[in-house]
Amino acid sequence: MKTRNLAKFLSKYFALILAMVMLFTACAPAGDIDDDDEYEEEYEEEVVVTNPDGTTTTVKQTTENGGGTANNGGSGSSTKSTTWGSNYIKTMSSTVAKKGIHVLMWRSYSKGEKAAVESFQKLTGCKVRTTVVPSGQYGTKLQSLIAGKDSPDVVCLDSDQYWPGLAVQSCQPLDKYTFRLDDSVWNKNQMNTVTAKGKTFGAAITGSFINEDINYLVYYFPSVLKQAGITTMPYDLWKSGKWNWDAAYNIAKTFYEKTKKTGIEFLDRDAWADSCGTGLVTYDYKNSTFTNNLANASKKKTIVNAWSQISKLQSANLCKESFDTAKLGRGDCGMYCSISYGVNSENDWFGSVSVSGGAKSVEVVPVPAASQSSAYVPYRSKTWGVAKGAKNVEGAAYFLRYYLDPANTNQENLYYNSKCKEVFKYITAASTKKTFMCAQSVVNYQTKAKFEEIRNKLSEAQSSAIQTVLDSYNPTITSAVNAANKLVSTRVK
Amino acid sequence: MAKEKLIIPGAQQTKSKLSKYQVQKQTKSVLVSIFRYVLLISVGYIILYPLFALIAYSIMSRTDLLDPSVVWISKTPSFNNFKNAWLGLDYLNGLSRTVIVGVVSAFIEVISCAVAAYGFARFKFKGNGFLFALVLFTAIVPVQVIAIPLYLNFRFFNLFGLTGLIGGIFGNPEFVFDLTNTPLTFYLPSLFGVGLRSGLFIFIYRQFFLGLPKELEEAAYIDGAGPLKTFLRVIIPSSGVVIVTVSIFSVIWHWNEYFLSVLYFNDNLPLSVSLTQINSRLSSLGVTFETQQGNMAAACLLFMLPMLIMYIFLQRKFIQSVDRVGIVG
């Protein structure tokens with residue numbers, strides 16, 4: 001009896017002590033979460049230097065973690081460089097390669113991309129670990145990994161969803177020397193769209209399918225338009241400088257009258273309007289500010305005129321919004337205004353084409369505007385950044401330099417035909433005027449799906465009512481712009 | 001003498017009144033019957049339409065999918081979509097992962113929720129009501145709200161700091177278990193009654209146990225059984241119907257679980273996540289898919305198949321249990 005009572009007493013108090021210990025130890029700090037600043041850690045590493053005469057020299061040098069250095073030529077001196085050089089891949093040190101790279105993707109790699117990743121691993125000995133997350137969960141997963149100190153080294157910053165919000169909150173600015181940001185290979189135009197206070201959050205290479213797949217184009221099949229009695233193709237009009245809204249309207253109208261099918265279908269109608277060069281919101285990377293263009297009378301007039309074009313198409317029953325690329329291939333619509341993702345034959349948009357000429361006969365032209373000379377290429381930027389707390393920033397720089405390079409993904413052989421290639425190169429050229437479509441991300445950052453509501457209302461409105469619709473949403477856009485500006489000014493130091 | 005027909009004044013009138021009433025009653029019955037069938041067929045069509053569409057699209061070949069005249073019945077049926085779906089889902093690995101993570105976790109939850117609910121139903125202790133309210137609260141709060149803390153909990157699993165205390169003795173005070181990417185992220189919450197929809201299951205069990213006669217337990221206590229033995233020998237055998245109900249719901253919810261799977265796992269994903277990535281996977285495997293619809297439809301059917309088979313076998317018990325437990329939907 002006494003033993004039983006003693007056992008009960010001891011077990012009760014042991015449980016109490018255990019609970020107290022757990023409580024106090026749980027209250028102890030678990031360690032600091034990395035703040036925005038990179039921590040510095042010096043370590044020695046071997047760097048392979050390519051000398052001017054083509055020979056290589058291995059030198060030991062100390063480096064700062066996250067700030068890597070690279071030597072390009074000379075006699076092995078440890079000078080920081082901001083350009084890559086031709087044999088950059090060989091300059092990746094073994095220390096960096098050993099760490100491996102963690103890439104967070106929203107889809108599986110395409111064949112060309114997979115080949116590029118495998119070749120990178122082979123050349124550098126650096127293992128690439130890829131985590132594929134459905135795009136809807138991308139932000140949550142990224143934030144979880146960062147909080148869990150398992151930050152990915154490479155993340156995709158789709159401007160639609162992640163600029164400025166997630167990019168500024170979860171990614172670190174790219175270091176000028178680690179990424180050799182002065183190198184001409186980088187697409188400064190796209191990278192400026194994710195730059196604030198002189199700090200760039202994402203990398204992009206000019207002309208790469210991987211980050212230039214959300215520029216807007218107009219697709220069509222010549223055989224389908226010819227059957228509808230259209231003799232001059234949009235490509236020919238573009239080549240002769242006559243491709244504009246009116247020409248597109250006439251083609252759509254002729255097609256509709258002959259076939260009773262939709263003249264033109266849009267993935268996103270705001271692309272058709274933004275080709276005028278003025279979207280609802282503009283981003284100025286030099287001042288790191290977003291601007292509501294409705295506040296400027298002359299820009300507002302341009303926007304009203306641009307949206308009137310859609311209204312004109314809508315009133316004549318010539319256009320529709322659609323995600324179905326197969327309709328174009330069946331001849332169920334005359335033209336399709338959508339993203340340049342479809343130009344890459346690996347993405348198989350036109351894999352099931354029943355029109356004469358097959359998939360290889362598809363042609364593209366830039367989105368028209370009031371006149372060809374005044375046309376801008378509307379685009380959403382897709383850049384690649386580095387998450388906060390990433391363990392191998394230098395490895396990420398090498399990986400992105402290699403992975404985004406069109407030469408490494410067999411891109412030249414992936415176009416449907418030479419015309420597609422020509423137009424894609426035109427719209428992605430640095431000299432081509434472009435409109436960065438940032439309104440969606442800014443407005444939706446504050447209120448989810450609000451931009452879609454605005455777009456739908458503008459599309460459905462009569463020409464005379466467009467100004468009224470814009471005025472009614474002006475406060476919403478202003479508020480969203482202010483919120484975005486506040487986010488950038490407070491989060492980017 | 002001729003038999004005189006007895007004539008009751010008004011009798012003729014009464015007979016016709018009855019006929020009228022009968023006719024009305026019959027007409028009403030027919031109309032109600034027609035209305036009932038129309039309603040059931042309409043609702044059935046709405047519920048079954050997606051399934052019929054999936055079956056129809058899954059056996060359509062490329063030609064059929066492009067042919068506008070083909071709506072339901074395929075002209076050139078083909079099972080190529082199933083082959084692509086099997087490949088894209090990495091079906092066997094995905095299925096084994098789903099069973100290991102989801103189904104096992106579901107069965108752990110069925111047991112743990114029963115234990116918790118019995119405590120709430122039969123034992124009077126301070127804070128019973130408050131704790132039960134908290135249990136219901138866990139069922140109301142969406143998991144997305146607590147996603148990051150949940151992730152961190154498993155990423156730095158330290159048993160309220162105990163691992164740090166023990167690790168400190170051996171020179172590593174920051175020692176923690178990283179449970180992410182393991183099935184323990186589902187097993188542990190299920191074991192402690194805070195898994196998927198555990199609050200709801202505890203509520204269902206509790207309501208059922210409250211309805212059981214106390215005399216059963218009293219008889220067990222008189223025979224010298226303790227609470228645990230009573231629970232195992234008396235309550236559980238009497239709770240077959242509610243256990244079947246909760247099991248089916250739990251398995252199906254774990255089978256469909258998507259958000260937490262994406263959060264906790266980086267690779268070896270269960271089928272629910274693979275389903276969303278099938279087209280990009282097929283593209284990366286070099287499979288030039290004809291159109292996405294057929295592959296998706298076939299993939300959805302493959303995903304649903306194990307649950308359909310389970311339901312076919314447990315259908316009778318499930319209907320009985322729903323009837324007795326009173327759970328709808």
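**Figure 1. Two domains of chain A.** The C-alpha centres of domain 1 and domain 2 of chain A lie 33 Å apart. The model is predicted. Each domain is assigned two segments: 42–212 and 382–404 for domain 1 of chain A, 216–378 and 433–491 for domain 2 of chain A. Where they meet, 19 residues of domain 1 of chain A are in contact with 16 residues of domain 2 of chain A. On the domain 1 side, the elements that give two or more residues are α3 (111–124), α5 (159–162), α6 (165–170), α7 (188–192) and β7 (195–196) of chain A. By class, this side of domain 1 of chain A has five nonpolar, ten polar and four charged residues.

**Figure 2. Overview of chain A.** Chain A has 18 helices and 18 strands. Of its 493 residues, 45% count as buried. Contacts in chain A between residues at least 6 apart in sequence were also sorted by separation: 78% join residues at least 24 apart.

Figure 3. An α-helix has 3.6 residues a turn, so residues three or four places apart point the same way.

**Figure 4. Positive phi at R180 of chain A.** R180(A) is not a glycine, yet its phi is positive, at about 50 degrees. The residue lies in the loop between β6 (171–172) and α7 of chain A. R180(A) has 22 other C-beta atoms within 10 Å. The cut-off for a buried residue is 20 or more, so R180(A) is buried.

**Figure 5. Positive phi at N181 of chain B.** Phi of N181(B) is near 70 degrees, again a positive value in a residue other than glycine. N181(B) is found in the loop between α7 and α8 (184–191) of chain B. With 16 C-beta neighbours inside 10 Å, N181(B) counts as partly exposed.

**Figure 6. Packing of α5 against α9 in chain B.** Helix α5 (residues 128–140) and helix α9 (residues 198–211) of chain B pack with their axes 7 Å apart. The angle is about 135 degrees, so α5(B) and α9(B) are oblique to each other. From α5(B), the contact is made by V135(B), L136(B), T138(B) and A139(B). From α9(B), S198(B), G199(B), L200(B), I202(B) and F203(B) take part. The residues of this contact of α5(B) with α9(B) divide into six nonpolar and three polar, with no charged residue.

**Figure 7. Contact between chain B and chain A.** Chain B gives 30 residues to the contact and chain A gives 32. On the chain B side, the elements that give two or more residues are α2 (62–66), α6 (147–155), α7 (162–169), α13 (259–264) and α15 (278–284) of chain B. The largest share comes from α6(B), with five residues. By class, the side of chain B that touches chain A has 13 nonpolar, twelve polar and five charged residues.

Technical notes: Residues numbered from 1 in each chain as written. Chains lettered and ligands numbered in written order. Predicted model: local features only at pLDDT ≥ 70, side-chain atom pairs only at ≥ 80, totals over all residues. Axes fitted to C-alpha atoms, helices over the stretch in contact; angles between N-to-C directions. Helix = DSSP H or I, 4+ residues; strand = E, 2+ residues; numbered from the N terminus. Parallel < 35°, antiparallel > 145°, perpendicular 65-115°, else oblique. Contact = placed C-beta atoms within 7 Å. Nonpolar A, V, L, I, M, F, W, Y, C, P; charged D, E, K, R; others polar. Domains from an automatic or database assignment. Buried ≥ 20, exposed ≤ 12 C-beta atoms within 10 Å, placed from the backbone.
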